[in-house]
Every structure is written in C-alpha cells, then in structure tokens.
Protein chains: 2
Amino acid sequence: MPPTAAPPARATAVRHLSVPATTRLLGDWHAGGPAYVALADALRAALLAGTLPALTRLPSERDLARGLGVSRTTTSAAYARLREHGFAASQVGSGTVTVLPRTPVRTRTPAAGDAPVPDRRLAGPVDHETIDMSQATPSATRALHGAYSRALETLPAYLDGGGYAHLGIDPLRAAIADRYTRRGLPTDPDQVLVTTGAQQAISLLAATVGRRGEHAVVESPTYFHAVDALQRAGSRVVGVPPGDVDALDSAVRRTRARLVYLVPDVHNPTGSTLDLDQRRQVAAVAARHDVTVVGDETLTDLDLDGSGAPAPFALDGADPRLVTVGSASKSFWGGLRVGWVRADAQLVGRLAQVRQAQDIATPVLEQLAVVELLGGREQILPERRDALRARRDELVDLVRRRFASWEVPSPSGGMCLWVSLRRPVATALAAAAVGEGLRIAPGPRFTPDGSHRDRIRLTYTAPPETYPEVLDRLERAWLRVTS
Amino acid sequence: MPPTAAPPARATAVRHLSVPATTRLLGDWHAGGPAYVALADALRAALLAGTLPALTRLPSERDLARGLGVSRTTTSAAYARLREHGFAASQVGSGTVTVLPRTPVRTRTPAAGDAPVPDRRLAGPVDHETIDMSQATPSATRALHGAYSRALETLPAYLDGGGYAHLGIDPLRAAIADRYTRRGLPTDPDQVLVTTGAQQAISLLAATVGRRGEHAVVESPTYFHAVDALQRAGSRVVGVPPGDVDALDSAVRRTRARLVYLVPDVHNPTGSTLDLDQRRQVAAVAARHDVTVVGDETLTDLDLDGSGAPAPFALDGADPRLVTVGSASKSFWGGLRVGWVRADAQLVGRLAQVRQAQDIATPVLEQLAVVELLGGREQILPERRDALRARRDELVDLVRRRFASWEVPSPSGGMCLWVSLRRPVATALAAAAVGEGLRIAPGPRFTPDGSHRDRIRLTYTAPPETYPEVLDRLERAWLRVTS
C-alpha cells in the first residue's frame, strides 16, 4: 500500500516562539537608527548566533508589535527586511518562519587558495564580504600536514583490526599521560579517555556525572558550548564570576550541584588564569561538598605572555573529584577533533561506556596525528603563540585607539578580547555589526542568564590585514547604535 | 587551603547490583559442568559483553547463593575464580566488585604485523589466544591508505579555516547526495548531515526526534548500540519481529511511538532484507501514525548474493518521515568514523544544532578520505564482498557439519550468522565459550527484552584460518553446556 498524504511529520514541524521569549531573546535590541532595521538586525544576529534556531515560527506582526511596544509598521517592515535578506520565509496561514540563507557565503575576506567554507549554512553570514571576529577558531599549525603524513606511515599497523578504540589508541593515551606526568601530575594511561574533541569530553561528563534536574555550576561568562551540553543533559546551570571561589563554594552548597565546569587557564572569554591559592581553594570546594569539578585546559598552551599556569588543574592528582579536559583543537587545529578526559580509571571506564552510544570511538588516523603533534609541541607552540601575540597586540592597540570610551584589557593568553562597552548595548551592537558585514559575539552569549550586556568578545584568529576594515565596520555599527 | 580527606567522590562510586538484577542478568547460566565454573563464566561473559558494567558491586556470596538456589560454596568459589582471572576485586567491608583485567590481550590469533589491539580494556578477552567472533568489525579495505593519501593532497585548502564543518564538508555532502540520487532517491546536499559514524547519527535522532519517557519501536533482534542510544536518550524501547509490518503498525499505534528504528537491508543480525511491498507498508505506517521511521543502511553495500535492496529505504523521498542513516564503517573501515543522515533540510538543521553540543563536527581529513572512497566504490566493494562471501560460505559449512542439531541459515549479506541452537542456552554457551578462549554474542544481547535465548551471533570478519580452531572451542563449550 502506498504512503498516504498527510500533514508535515512531527519530526520536521517548526517550533513557535512566544512573544515573551522573543522579547527576552532580543534584549536591548533598539539602541539607535530606524526601529525596523534594528529589529531585523537583532533577529538576524540571534539567528546567526544560534540563540534563535532556524525554522522557528516568529510571533505574528501584531503580537510582536504589542509585546515590544512598537508600531505594527515596524514589525511588518522588519519581517520584510528579514525575508529580503533570506533569513525568513512567510507562508499564507503559517506566519513568518526563520531560515538560513542558501547562497554561498564566505566567513573571511576571500584570499587565493581559500577553502570552500565548510559550515556556511549554520555559521553563514550575510554576504561575500562579511568578516568573522566571533569564532575562536585558529587556522592549522604548519606542522599539521607533516604530522598526518607520518601518521599515515604508522596507520597500516591498525588496518587489520576493526578500528574501534573505545578508550583511544594506546600510543595516544600514553603520550597524553606522559605530558601530564611531565607537568607534575602523575598520570597512568588508564586515566585517559580519548574523545572526539573536548566538546565530547564535556558532553560525556555532563551525561555521566551530571544528573537531570539537578544543578551544575559554571563560570559566567564561560565557553557557551559547555553550557549547551550541560543543559541538553538536563542540568540546571547557574553561573558564578570567574575566579570567585567563595561564590563558587556558596553556589555549590546552595544548589547541591553535582558538577562544576571551570576554565582555569586563559579563561574563555576573559583571559584570566587561576592562581595557585585559588586552585587549592577549588580543590577544597570539591572535597568539602563531594562534587566533581571539571577543569577545561583546552587553552593552556595559548599562554601568550609566559606567565603560565601555576599548576595543573588537578594539582597532584590525589583527589579523583578534580577531572581535567584537554584538546588538540586550539594548540594544533580544530579540524582534528581530538580531545581527552583525565580522570581516575573508574570514571574513565564509565565515560567510555556512554561514549559508545554516542559515536563508538575517535578516528584512528586523527589520533596518530596527535601523537606526532604532541611529540613536536615544543617546536610547534612557540610559533603559534608568537603569531597570536602579534595579532592580540595589534587588535588591542587598534580598538583602544578607535574607541576611547571602551575598556579593552589585554588578555595574557587565548584568542579573544573581552571588551567592555561601558553601556549595556552589546546585543544591539552585534546586530548592527551584522548589517555592516561584521560578526562579533555579544556578552550575553557566554552566560547562562543573559547578563554581561555591556561586553563583546572579539577574536583575533582572523589575519591582521583585515583589522583596519574590522575597525571601520565596528565604528559604523557603534554609531548606528549610539547616535 | 589544601584539599581535605574524604570518602571516594560520587563520580567514581561503584554501582550495586541487586540479587534479582543479577538473576535476570545471568538468565539460564547453569547448563552443565561444575556450577561454580558456570557461574563465574556467566558473570565474566556478561562483563565482557558490557551487560554487566565494570565497577559494579556484586551481591554478597550468601545473598547470591540464596537467590540462585545454590550453595554458598558455589558462589564463593565463583567469585574466587573471577578474582583469579582478574575480573573481580574484593575489599574488606565493600564486597566483590567487577573489574576488567589490565594485562595486554589480543582479540585475534596473533599474526606478523598485527596492530596492538586498541580497545583491549573494554573488549578485552581472557588471554592471548582468545578468538573474537562477536564483533562485526571488518578490517580496512586495501584502498583506504591510498584514499587517505589523496585526501592529504586536498587538505591544504582547508587549513586556513577553523576546521569546524558542523554539517559536513561540501564535497562529501555532495558525494553522498549524488549516491542517493543515482540509486533513484533524488537528494540535495542540504539533505545530508555528516556525522561521526552512523552511531552518532542514531544517537542524534534519538535525542532530537525521540522524547524522554515516550516510546521507540525497533526490530528485535537488532543492532544493540541503537537500543542503547535510544534508551540513554530516555526512550522506552519495544521490539517487533524483523519484517513483520503488521506487528510494527500495531506497536506504533499502541505505544504512540515517536520514533521507529529499522535495518531494512541485510538486517543485523538476521541478514534479512525488506521486499518492496514491505517497504511501502512501512512508509504507510509512517504516514498513518505520523511517526519518523529511521532506516539504517549501514550494511546495504554488503549484499553478498547480489539480490540487492529493491529500493532505497526512503523510496522516492516524498515523505520526510522516512529518514536514512548511512556509514563508511562497514563498506570501508570502522576506524574512519564517518556516517551520515539523509533527511529533509529542516531536520538536518535541527540535528546539526544538537551535534554541536556533542562533538562540534567530524574531522575534515576523514571526510575527504570518504569522498575518495565513495568515488572508488565500484572497484572497492566487489573485492570486499568476495572476501566476505568466501568466509561466510566456509563458516556456514563448518558450523552445519559440526553441529547437526543447530539451525544455521546462510544470510544473503552482512557479516554474521544468526544461529539457532534449538535450546535456550545461548547465554550459558557464550559464557562457556569465554572459558575456552572464544567470544561469541548470545541472542539476548540483540533484544530490548532479553528474548532469543536460543540464538547466537557468529561473525565472519576474522580470517578463515582461525575457523577450525573456533569450531573446536565452540564444540568444547557446547559439550560443557549440554553434558
């Protein structure tokens, strides 16, 4: 019997966004310029940032106008502008639905030999000229190609097997353990689980240690994909200021949290690093409340000023509650997708069970390449840090000179500036920037509660040749927001 | 302040197994031979199969003896035997806890050039001689190394970017779409999401389309990692016999299931393929109950007798409820970790959002290698099928001759025999086989409800030279169980 006609499957039905949810999402969207442009830009920015998913049904023009206290002409014109730019579609009887544009776009100023941008649909900005200062994704180390070539020479030894290394291949687990041991944290290969990037490590910890309906504590601001992973695993996420161990202690006690996630070294996005005393206090919090504390050391290698982490996050490794996450993404290349967890062997075994339901294992060749890269890190990393340091200094200088009213701290490491606008207009600025062909990340994106509305994150992974143009666009957006 | 001493963290606490749970787990464990050996072997087999997790606290010797109706001497000797073989540890005051042995082991008869077995801890069998007939993991195609080499030539075009392709790189999405289109299922690259293996595809669908607390329907028996993924996402999984579309229709109606997971081509483990009429009936079920039906085509390329799938699972693609999962793992190599979902573009976008919280993206080089392999599939796959066909025929012949009382169907494709023992002793046989240095998978492992106790799955991915020894060990185990 043939399939019968039916309404669209539930699997593909669009979601509805209520007026209050839209209002929350937009925040302080209108900080200057024509209201309909600001509204359209704010919706577009939310869509590009991923806070407003594609295929969401927006409120009706009338309801949204009422909710925002603007005229229906404004909402109508804003929706029309969204449709014009390919970010919305309207159907009779089903309202206005968000979409992502289908035209090929580039996330950088085009250069000879540029790759087709892989993720243009999700990350896709407006046009061919858009510059992306929102992604903390450095290009690959020059050593990468050679590492893959040597890995390919080692690969044949693995081809007779099924290729499933649930815990990671032995040479990589040994290399990672050796690196911790050399840093003063004695580590056995049995304490290492290789994952498909640090994101999988965080996601596995969220699913295994976290509990649905219970609390997890993070720094606010923090790495926003960690918040996403925790929330998808059912945790209720609360934030405390980075470096404030008293607030951490209090939040863990108050919420009886199962899990804490911190970025102890060159914190994303603030760039701060916990000192030794703070680390010991964090360990005391873990012990006092019997809570697992995850330290994400993804950025540890990008300490640009040589101040360095005072100790590994897990200190001497005596307390199994201190769990470390690491990654090859920022040190070498994100396209590798190799990360890891350092924990006691019991937790490693439990995480490995859960990971089999997620993706079975990490590709063998990628792991072999990371063995090569870890072996060459003393040669590779100084060059990488030199390049990032030069970009950081140049961008800090340019932003400070152009925007005297902003506060622009120079971070001691990492890949981004955490800029204070001294006015709570970050969301509006990011929206206006999209209109100028520039993507920046507004502060609220890095928080579980929508705070930090006066901050933007500017990454310096893009080539410095683009910075003067970045500054021009940023200034035009700023004028639109503040005039 | 320094960390204070404290009891082991919650994150690493062992789980307790109750007596009823142990009894259920063991099933018909005692089918012959000394009781303590059978009991120890059954626990060891459950541990190796993953149904009994490592670091589980077993019931006390006395409680288990009472629960099983055996003497305490039996349980005591069984636990001692487990400890001797490195599968349990005892601590004063904390009972007997399962562990996995730490000694290096091999899952195959050693051969020159054999790789160190990557996943020895989780899959680890008893000793250096153990032969694994439980894993459906073929070795790599000979074309793999060349594919990686050519992929490495293409890679530089991607190294300037961040390397995060949330949906997959464009050339791979296009190659996958093209393959579907050539099979008669018109497909746009926008309808393809590249995943880290088919397992991630299933896991994403479970998390996105499935609903916590609601039902999912699978075939029983089926691919057990799919059941695991569905259950971890909170679905209540019920099984229907493969090929019985009336039972499927009834189960979906009765449970109001959100999601159905099927293996339409060379089903794992039975080897059956849905005919065209059954496929149309499945499509009608999807439409009638507005339920998403996932067809896992991971094994489609391993149709050994050339009978072939009568149509793509999604037929002409008119109904977005019919979603297809595919993979490079069985066609080329599991160590690649590249799979995909074919769905409508809206669902692809939703899955891509969820996947970012799981692992951000699939490695770029792996994807480039699969582009090469898909391009060469007409040359690669016939050789692969020839090798598997020869192994299948040899194993079927050997098993039929040795075990006249068994029913040994020859599957038209895939990598395994689904053997009926004609007695419900599969679990005991698998346990006894472990003692003989052979790993086989008992039928209940492939079901959500512990049924099919008369079946074992024997894979023929191991080299045929090992089969005579496999048969000897299997016969010794059978004698222990039945005498």
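Predicted model: local features only at pLDDT ≥ 70, side-chain atom pairs only at ≥ 80, totals over all residues.
Residues are numbered from 1 along each chain as its sequence is written, chains are lettered from A and ligands numbered from 1 in the order in which they are written, and side-chain values use heavy atoms, with hydrogens and water left out.

Reader: In the open sheet of three strands in chain B, what is the order of the strands?
Author: Strands here are DSSP runs (E, at least two residues; helices are H or I, at least four), numbered from the N terminus, and two of them pair if DSSP finds at least two bridges between them. S13(B) and S16(B), residues 455-459, are antiparallel over five bridges, while two bridges join S15(B) to S16(B). Strands S13 (416-420) and S15 (441-442) of chain B each have a single partner strand, so one side of each is left without a neighbour in the sheet. The order is therefore S13-S16-S15.

Reader: Which residue of S16(B) is the bridge partner of Ser420(B)?
Author: The pairing of S13(B) with S16(B) is antiparallel, and within it Leu417(B) has Leu458(B) as its bridge partner. From S15(B), which is also joined to S16(B), Ala441(B) stands opposite Arg457(B). For Ser420(B), the bridge partner is Arg455(B).

Reader: How many residues of S16(B) are buried?
Author: Buried means under 20% relative accessible area, exposed over 50% and partly exposed in between, with a 1.4 Å probe and protein chains only. In a regular strand the side chains alternate between the two faces of the sheet. On one side of S16(B) stand Arg455(B), Arg457(B) and Thr459(B), on the other Ile456(B) and Leu458(B), and both faces are covered. The strand is largely enclosed by the rest of the structure, because the buried residues number five of the five.

Reader: Which residue of S12(B) stands opposite Val192(B)?
Author: S12(B), residues 339-342, has Gly339(B) and Val341(B) buried on one side, and Trp340(B) and Arg342(B) buried on the other. Four bridges join S11(B), residues 322-327, to S12(B) in the antiparallel sense, with Val325(B) opposite Val341(B). S6(B), residues 192-195, also pairs with S12(B) over four bridges, again antiparallel, and here the residue opposite Val192(B) is Arg342(B).

Reader: How far from the ring centre of Tyr180(B) does the charged end of Arg342(B) sit?
Author: A charge counts as sitting over a ring if NZ of Lys or CZ of Arg is within 6 Å of the ring centre and within 35 degrees of the ring normal. In chain A, Arg342(A) lies over the face of Tyr180(A) at 6.0 Å. In chain B, the distance from the charged end of Arg342(B) to the ring centre of Tyr180(B) is 6.0 Å.

Reader: What kind of aromatic pair do Phe224(B) and Phe446(B) form?
Author: Rings of Phe, Tyr and Trp (its six-membered ring) pair if their centres lie within 6.5 Å, with planes under 30 degrees apart counted as stacked, over 60 as edge-to-face and the rest as tilted; the structure holds 11 such pairs over all chains. In chain A, the rings of Tyr223(A) and Phe224(A) are 6.5 Å apart with planes at 50°, so that pair is tilted. The rings of Phe224(B) and Phe446(B) lie 5.8 Å apart, centre to centre, with 75° between the planes, and the pair is edge-to-face.

Reader: Where in chain B is Phe446(B)?
Author: Phe446(B) is buried at 1% relative accessible area, whereas Phe224(B), at 21%, is partly exposed. Their pair links distant parts of the chain, 222 residues apart, with Phe224(B) in helix H9 (residues 224-232) and Phe446(B) in the loop between S15 and S16.

Reader: Which side chain does the side chain of Ser331(A) meet in a polar contact?
Author: Ser331(A) lies in the loop between strands S11 (322-327) and S12 (339-342) of chain A, and is buried at 2% relative accessibility. A polar contact is a pair of N or O atoms within 3.5 Å; within protein, one must be able to donate a hydrogen and the other to accept it, and residues adjacent in sequence count only if both atoms are side-chain atoms. At 2.6 Å, the partner is the side chain of Asp301(A).
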